[in-house]
Amino acid sequence: MEIVNNENVKSQMRKGILEYCILTILNRQDSYASSLITRLKKAKMIVVEGTLYPLLIRQKNQGLLSYRWEESPQGPPRKYYSITEKGKEALAEMDREWAEIINTIEYLKSENYE
């Protein structure tokens, strides 16, 4: 009997931090969707276009991202996403929250609490 479905747990945890990962990538460099997917896959964060595009639209509608069209040397123009000032503020808050989560988990894993 399997108590925990590891793939489901992993999937749920990854979905929960995907927005954070996207803002982190775009804080370093503007990018288009397929490049974001490639970078996420290299980091072992597997994501498909059907998951990414709605998230990018939501982040754009929240004012966290903006985009521009650029001609591509291969194929049609590409939509490049950029993080906005509001997105940078949200990322800074996510950085603080992530550090707090890590501290909480490390605290709970330690034997020094009661």
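**Arg68 and its partners**

I started at Arg68 and found its side chain in polar contact with the side chain of Ser82, at 3.2 Å. I keep in mind that this is a predicted model. The Arg68 side chain also makes a polar contact with the side chain of Glu70, at 2.8 Å.

I then set aside the neighbours within four places in sequence and listed the contacts of Arg68: Asp30, Arg78, Lys79, Tyr80 and Ser82. I also checked Glu19, which is 49 residues from Arg68 along the chain; their C-alpha atoms are separated by 20 Å.

**The sheet**

I see an open sheet of three strands, in the order β1-β3-β2, with antiparallel pairing. Its edge strands are β1 (31-32) and β2 (65-70), each pairing on one side only. As a friendly reminder to myself, strands of a sheet pair through backbone hydrogen bonds, either parallel or antiparallel.

How many bridges join β2 and β3? I noted six, in the antiparallel sense, with β3 covering residues 78-83. Glu70 turned up again here: its bridge partner in β3 is Arg78.

I followed this with helix α1 (residues 6-28), which packs on the sheet and touches β1, β2 and β3. The direction of α1 makes about 95° with that of β3.

**Helix α2**

Which residues of α2 (residues 33-42) are buried? I wrote down Ala33, Ser35, Leu36, Ile37 and Leu40. The buried residues of α2 pack against α1, β1, α3 (49-61) and β3. Just after α2, I spotted Lys44 with a positive phi of about 70°.

**The whole chain**

Last, I stepped back. I count four helices and three strands in the protein, running α-β-α-α-β-β-α from the N terminus on.

The C-alpha trace spans about 60 × 35 × 20 Å along its principal axes. I compared the radius of gyration, 17 Å, with the value near 13 Å that a compact globule of 114 residues would have.

I noted that 26% of the 114 residues count as buried. The protein exposes about 8,300 Å², and carbon and sulfur atoms supply 52% of that area. Finally, among contacts with a separation of 6 or more, 50% come from residues 24 or more positions apart.

How values were computed:
Residues numbered from 1 in each chain as written. Predicted model: local features only at pLDDT ≥ 70, side-chain atom pairs only at ≥ 80, totals over all residues. Heavy atoms only, no water. Pairing = 2+ DSSP bridges. Helix = DSSP H or I, 4+ residues; strand = E, 2+ residues; numbered from the N terminus. Contact = heavy atoms within 4.5 Å. Axes fitted to C-alpha atoms, helices over the stretch in contact; angles between N-to-C directions. Buried < 20%, exposed > 50% of the residue type's maximum accessible area, 1.4 Å probe, protein only. Polar contact = N/O pair within 3.5 Å; in protein donor to acceptor, adjacent residues only side chain to side chain. Rg over C-alpha atoms; globule rule 2.2 N^0.38 Å. Areas by Shrake-Rupley, 256 points an atom, 1.4 Å probe, with all protein chains shown as cover.
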